[in-house]
Amino acid sequence: MERSSDSEEVQAQYRGGCGVDSIALDDEKPDNIPGKAYILEDGEEANFPENPKKALPENDSLADLSTDELVSMFSDMLESYAERLRTDENMERLAKNSGESKDMIKFDIQLIEHMSDEDLLRSWLHDGDTDLSEFIEDWKEAEGYYETAAPLGKGVNINAGHNIGAVIVPEIWRVLSRNSVLHKMPSNDQLTLKILHNVYKEYDNPIAETCKIGYWPGGSREMEENLFSLDYVMAWGDDSTIASIRGKLSPTARFIPFHFEFGSYIVDEETQESYDEELLENIAKDFSWGDQLLCFSPLVMIIKETDNTEKFLEDLADKMEEYTENYQTGVVPEEEEMNITRTKKIARDSGQLISDWSNQTTVIEKQGLETSDVAEFHSFRFVKAHRVESLEKALETVGSVRNLQEFILATSDERRLELRDKILETNAKRIVSPGGAPPALPIPWDGKHPVNELLQWVTDERPHE
Amino acid sequence: MGKIDSLRELGSKEHDKELFFEALNQAIDQWEKNNLYSQRMEASHAPEEIESFEDIKKLPTVDMREFKDHPKDLTIGNVDREYALFSSGTTSDSKSFTLRSEEGYDRHKGNFKDFADFLMPDLDFMHIMGPGKKMLEKMPEKEAKRAVFTYPLWIFDKFDNEFYLEKTEEGMSPDVDSMIENIKTKEGSQGVFSTPNNLYKVAKKLDEKGVTVDLGPEGLVVTAGGWKGASGSNKEEFRELLQTVFGIDIENHLDFYGCTEIFFPTGNHYGDENPDKKRIPPMGYIWVADEEKFRKEGVLEPVENGEPGLLVSVDPSNTDYPGVLLTDDIVKKTGGEYGKDVRFEYVGRSSL
């Protein structure tokens with residue numbers, strides 16, 4: 001590349017231009033705020049300000065808190081939230097609103113209670129061996145420089161809204177990283193976060209003060225361009241939703257997307273020879289949590305073809321159905337019900353339906369696994385088991401999909417070690433055992449350490465002793 | 001294929017119920033050569049001989065989506081990729097295709113030509129917003145096959161015609177200016193063909209510019225395919241636009257309904273009052289299944305006449321794969337007398 005005399009041109013070539021275009025861009029106010037948009041103020045639906053970004057409070061009060069103060073305060077608030085969700089009235093409303101069964105909602109509430117544990121909250125701040133709270137609270141000496149981690153500031157979190165438990169996770173991350181947030185409620189669930197708002201308004205503290213909750217119809221371009229020029233944008237949704245948000249994002253806003261993900265089971269020969277009730281129940285649980293609408297939900301099974309495969313799948317089908325007695329299914333949308341019926345009918349007509357037609361859960365088998373098999377899935381307690389000659393080859397096929405979150409290995413220990421290195425070459429971010437699909441500990445999500453993503457690392461490189 | 005060919009030789013003007021059953025029984029013998037369908041026939045309660053329309057409703061079906069999952073498992077005899085037909089993608093996944101034998105391809109083509117001839121008036125010129133042979137020849141084979149459905153090439157070759165689709169950096173785009181200029185210079189009755197979504201966009205632009213054209217005494221607008229991509233449009237507005245821009249009455253709008261998996265087309269006759277009410281040619285039959293019953297119980301049962309439900313097509317002229325297809329389209333069927341007043345109307349989609 002030749003140097004030009006025009007500095008702007010040179011900068012453009014090397015660094016994308018010497019003008020800071022986003023300053024003007026980020027100052028733009030929307031000409032039009034949709035009529036259906038609102039923000040919650042003291043339990044009431046209020047209009048967004050003319051400049052929607054101004055609805056967000058500064059995060060200073062939160063940033064001043066120590067981790068101990070923050071965790072203690074937040075733990076209490078999460079417990080109150082769980083308690084409020086559990087009232088008979090709210091259970092009824094949540095079931096009606098979300099389509100989840102009461103069993104599913106109870107499990108979500110237990111999860112929130114579990115996450116309110118102070119030690120567990122603190123552990124979100126651990127990134128490998130690094131305790132992020134030490135960097136958040138002070139400058140730490142590194143090799144030849146000092147380093148600290150500052151909150152990004154203000155941001156927006158676009159919720160997906162298919163699960164009550166999932167709503168609280170981004171709230172935990174933003175609190176621990178000391179950022180202000182505007183949570184956007186999804187159009188199909190404007191209740192779960194309203195309950196959180198009603199709990200928070202009883203608290204006069206920095207966590208409650210820095211949390212705003214609102215709604216606007218998705219795709220409101222001008223409003224979203226305004227809000228997506230905040231310091232950060234976190235978003236949950238399918239690939240097209242994420243792509244749409246990316247298209248409206250200010251070039252300087254930090255984007256933290258969580259797109260559609262799924263898990264894949266791998267069942268080896270030995271497991272099919274020596275399985276017990278507990279293993280089957282763990283598999284059934286993994287395929288049942290949240291009706292398979294969660295990012296860790298297994299949506300496909302790879303099973304080594306053996307003489308025992310038929311029996312194993314029949315037993316699994318029985319266990320899947322049995323588990324609905326403890327963990328009832330939610331409402332299946334009509335369109336998905338039709339898709340499942342069609343797939344079941346094709347399987348039945350082709351001799352591949354393992355479960356009984358009248359079951360609420362489905363287990364079907366298919367010979368082999370092709371790329372097209374991992375392009376479309378069914379949820380709502382649906383197991384599609386691919387009988388394969390080579391687990392390694394099938395693992396490659398599933399592992400080539402970027403949306404893969406984890407492999408769940410129902411295998412011998414020896415086989416697990418063999419497959420682990422092979423899995424490293426795929427897009428999987430987790431390797432777990434049966435029953436371990438839902439993350440029990442704070443772990444990277446979508447390959448990210450989320451609290452770290454919400455921090456800005458700053459270095460002091462001046463000479464020091 | 002004696003009876004099947006006899007059925008086709010009927011043409012589109014008259015229906016013959018007995019001949020249809022004979023042809024269907026002959027076709028079923030062929031379909032049972034497919035292992036998958038043979039197993040389904042065994043497991044079904046379908047009679048060995050089809051003697052009534054009630055019998056037809058007991059025949060096992062093939063789900064349209066099976067063509068995407070395992071198209072090769074559904075074929076019978078010597079099908080060849082050479083004769084594959086690709087979906088246009090106007091209503092669903094453009095990647096889907098169905099394989100054909102040479103004989104099947106010719107029959108499919110013959111059915112379309114014959115029925116289109118019956119439905120359309122004589123025209124002096126046809127303007128086609130689709131890729132012509134010259135353009136398709138320039139494109140890579142795979143891309144060309146998927147570029148657009150093949151039917152316009154079959155059914156409009158009897159008229160003098162011109163194709164107006166160009167490949168630009170943004171994709172396929174009709175050369176509307178050339179078409180308008182040509183319409184103005186031609187005499188007699190002219191026709192314009194496009195997919196509804198394309199034609200909607202074109203008509204809207206022309207209307208905004210205040211452009212109107214005269215297609216002549218028996219001027220015709222022909223559409224086929226779905227509405228996907230035509231966001232913000234609705235049928236009533238579309239029809240009004242056609243009347244304004246092309247100066248045609250609603251009776252001069254001919255709309256085909258079909259898909260690559262079914263060998264017979266359906267459509268309204270030129271002059272029919274309502275383009276949404278489609279006729280069924282003598283070589284095909286459709287019945288309508290209760291959508292909710294199927295969704296809940298997986299059982300296909302007919303609905304009352306006039307009630308909406310899932311369209312099942314029965315297609316004896318197709319012997320390349322089993323021709324009893326369960327679609328995911330919701331339709332309403334009206335009229336009672338076979339071949340006379342029976343019509344059906346597309347209502348929507350059940351899934352996908």
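Residues are numbered from 1 along each chain as its sequence is written, and chains are lettered from A and ligands numbered from 1 in the order in which they are written. In this predicted model, local features need pLDDT of at least 70, side-chain atom pairs count only at pLDDT 80 or more, and totals for chains, interfaces and linings use all residues.

Let's begin with chain A. It has 20 helices and 18 strands; these are DSSP runs, numbered from the N terminus, with at least four residues (H or I) for a helix and at least two (E) for a strand. Along its principal axes, the C-alpha trace of chain A spans about 70 × 60 × 45 Å. Of its 465 residues, 43% count as buried. Buried means that 20 or more other C-beta atoms lie within 10 Å of a residue's own, while exposed means 12 or fewer and partly exposed is in between, with C-beta atoms placed from the backbone.

Now look at helix H15 of chain A, residues 277-286, where Leu279(A), Leu280(A), Ile283(A), Ala284(A) and Asp286(A) are buried. Seen down the axis, these buried residues fall within an arc of 165°, so they line one face of H15(A); the arc is that of the directions from the helix axis to the C-beta atoms. On the other side, Glu277(A) and Glu278(A) are exposed. The buried face packs against strands S12, S13 and S16 and helix H16 of chain A.

Helix H12(B), residues 235-246, has Phe238(B), Leu242(B), Val245(B) and Phe246(B) buried. They cover an arc of only 85° around the axis, which puts them on the same side of H12(B). Just after H12(B), Gly247(B) takes a positive phi of about 65°.

Finally, see where the chains meet. The contact takes 11 residues from chain B and 13 residues from chain A, two residues being in contact if their C-beta atoms, placed from the backbone, lie within 7 Å. On chain B's side, helices H3 and H13 each give two or more residues. The predictor gives the complex an ipTM of 0.82 and a pTM of 0.84.
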